[in-house]
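These are my notebook entries on a structure that was new to me. I set down what I looked up, in the order in which I looked.

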Amino acid sequence: ENLALEYNGNLLEVEVLTENLLLYFLDFERDVKAELSVNAELLTLATLFRDTSLTQLLGEELHGLHFGAGAFISHGDLDEFFQADSIPKVLLSLDSFGIEFPLMADISDMSASLTFGPDTISLHNLDGTLGESAFRFSGSLANYGLLAHQDSAGLLALQFHMESDLMRAEDLFTIKNEFLLPETYSTEYLEDFSLQGSLDLPTEGLLLDSVPLDFALHIEDMAWNFRYYPLSFEQFLIELRREGDELFIDDLEGRVGESNLKMTANIGNFTDSVENMYGSLELESELLDFNSLLNYQLPEELLDSSALDSSQIREPPRLDQLAYPSFDFKLDIGELRLGGLNIYGMNGKLRSTKDKIFFLDSLRISSGGGGSAEFNGHFNVSNPHMYSVGADLEVKDMNINDIGLQLQTGEESYSLNENFEGIISAEGLAEIFITPVLKVDVPTTTAMFNVTINDGALINFSHIQAAGTFLENRNLDHENFATLNNSFLLMDSRVVIPRM
């Protein structure tokens with residue numbers, strides 16, 4: 001039946017169709033089907049719902065509403081419903097839903113298929129487009145009937161699977177014609193997004209305010225790409241659960257470009273600020289390349305409009321500007337790249353504090369060419385002008401070429417792997433000061449070491465080159481030596497060598 005309805009000045013065209021409803025009530029064993037279609041060229045929300053809050057959110061006038069809906073129920077399920085007062089199994093469908101909003105992205109081409117049963121709601125598919133962002137979703141909710149009884153105890157089980165070829169930030173985060181994120185990200189989007197997993201929720205946390213909302217989240221697969229980020233996020237797996245004020249990460253692993261990680265952790269006070277959190281974390285990785293991980297590449301025109309420049313976006317973060325929890329860390333990292341530093345074979349323990357001090361407990365690193373270094377001490381990043389390292393250090397057979405360390409003295413800087421060669425072994429104590437751009441500040445650094453360098457050389461070292469003027473202009477750009485075995489004291493930019 002075709003109907004033209006007018007409600008508070010809003011005109012809707014409605015078509016209703018039923019099959020076998022009358023025959024079922026006449027005791028024929030017939031399945032029942034119903035269909036509904038609605039069209040409206042213009043809807044004025046203020047008069048339609050008498051609610052100004054909807055008008056403020058969605059706009060005064062909506063255009064182009066259209067959809068078709070259907071319902072199907074078998075005669076057996078209807079019989080059981082009338083005889084046992086049980087919830088029947090109903091198949092619901094939505095077809096070609098669309099509407100135009102003045103203050104947010106339009107919805108178009110939305111369709112869905114849903115089975116509503118006595119224990120489980122199954123969403124077989126929900127497809128649609130929000131603005132220009134298309135998505136596909138399916139899922140199920142088991143044990144939903146427990147929510148009808150406040151004193152019931154049980155577990156809701158939600159399963160979900162979502163995919164999208166394109167999800168634009170402008171479509172998802174524009175409300176009331178305002179973009180909710182910083183304007184520089186208005187043209188960002190996700191590509192090839194996929195998410196599959198499940199969520200378990202105890203009903204007590206949903207029904208009782210006095211009970212924390214515990215949960216268990218299982219992500220079986222998650223992957224995506226950003227428009228302005230050159231690396232792909234792939235193969236992400238997550239096992240996450242909450243118990244009261246504690247959050248447990250039983251497994252988190254994935255890949256970002258060449259970098260990968262596998263992590264477990266427990267976090268106390270996880271809903272509080274970072275500095276009030278505590279816990280432990282274990283991290284394994286073959287490679288963590290922060291130079292690539294932090295390389296978010298906004299186009300120049302967006303950088304200009306936001307008063308940012310590329311260096312602000314692409315430089316590593318200032319360590320003194322971050323907040324830190326009280327955490328115990330256990331690390332096993334094959335290679336770590338940060339700025340000009342390449343650190344290999346990082347293995348051991350460290351502790352962070354909310355005072356921005358890291359304590360190193362037998363933290364060992366290796367070099368690509370062999371050899372190792374072991375640290376015991378602390379790393380203090382609380383001073384915004386200079387970081388400090390107090391360490392008991394032992395180096396064994398490390399190739400200087402593998403040490404990507406820069407020394408800063410006055411206006412001059414030296415790179416160990418560019419100005420020195422050799423195999424170094426050393427042990428001693430050091431108080432090292434490091435600039436926020438991760439260069440060693442030699443004038444304030446002190447160290448006492450016993451050092452052995454084999455097969456060594458000094459290359460383009462200005463202090464040695466200057467000595468050539470006193471040696472009949474001898475060229476001292478590259479000076480080799482077989483073995484250097486000595487102790488030295490580094491203080492006030494001077495190296496004191498007691499014996500030669």
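Entry 1, the whole protein. I began with surface area, for which accessible areas come from the Shrake-Rupley method with a 1.4 Å probe. The model I consulted is a predicted one. I found that the protein exposes about 28,200 Å², and that carbon and sulfur atoms supply 54% of this area. I then noted that 35% of the 500 residues are buried. The secondary structure, as I recorded it, comprises 11 helices and 30 strands. I also looked up contacts between residues at least 6 apart in sequence, and 50% of them join residues at least 24 apart.

I asked which residues form a nonpolar patch on the surface. I found Leu3, Leu5, Val16 and Leu36, which together have about 280 Å² of accessible area. Of these I followed up leucine 3, which belongs to strand E1 (residues 2-7). Leucine 3 counts as partly exposed because its relative accessibility is 33%.

My search of the whole structure returned 16 aromatic pairs. One of them joins phenylalanine 25 and phenylalanine 82, with 6.2 Å from centre to centre and 65° between the planes, and this pair is edge-to-face. Phenylalanine 25 is in helix H1 (residues 21-25) and phenylalanine 82 in helix H4 (residues 75-84), so the pair ties together parts 57 residues apart in sequence. I recorded phenylalanine 25 as exposed, since its relative accessible area is 51%. I turned next to tryptophan 224 and phenylalanine 233, whose ring centres are 4.4 Å apart with planes at 10°, so this pair is stacked. Both tryptophan 224 and phenylalanine 233 are buried.

I located asparagine 225 in strand E13 (residues 215-226). Beyond its neighbours within four places in sequence, asparagine 225 is in contact with several residues, among them Tyr189, Asp192 and Phe233.

I placed serine 388 in strand E23 (residues 387-399). Its relative accessibility is 13%, so serine 388 counts as buried. Setting aside neighbours within four places in sequence, I listed the contacts of serine 388 as His378, Phe379, Asn380, Ile432 and Phe433.

Technical notes
Residues numbered from 1 in each chain as written. Predicted model: local features only at pLDDT ≥ 70, side-chain atom pairs only at ≥ 80, totals over all residues. Heavy atoms only, no water. Patch = residues over 30% accessible without salt bridge, like charges linked within 9 Å, V, L, I, M, F, W, Y side chains within 5 Å. Salt bridge = Lys/Arg side-chain N within 4 Å of Asp/Glu carboxyl O. Helix = DSSP H or I, 4+ residues; strand = E, 2+ residues; numbered from the N terminus. Buried < 20%, exposed > 50% of the residue type's maximum accessible area, 1.4 Å probe, protein only. Contact = heavy atoms within 4.5 Å. Phe/Tyr/Trp six-rings, centres within 6.5 Å; stacked < 30°, edge-to-face > 60°.
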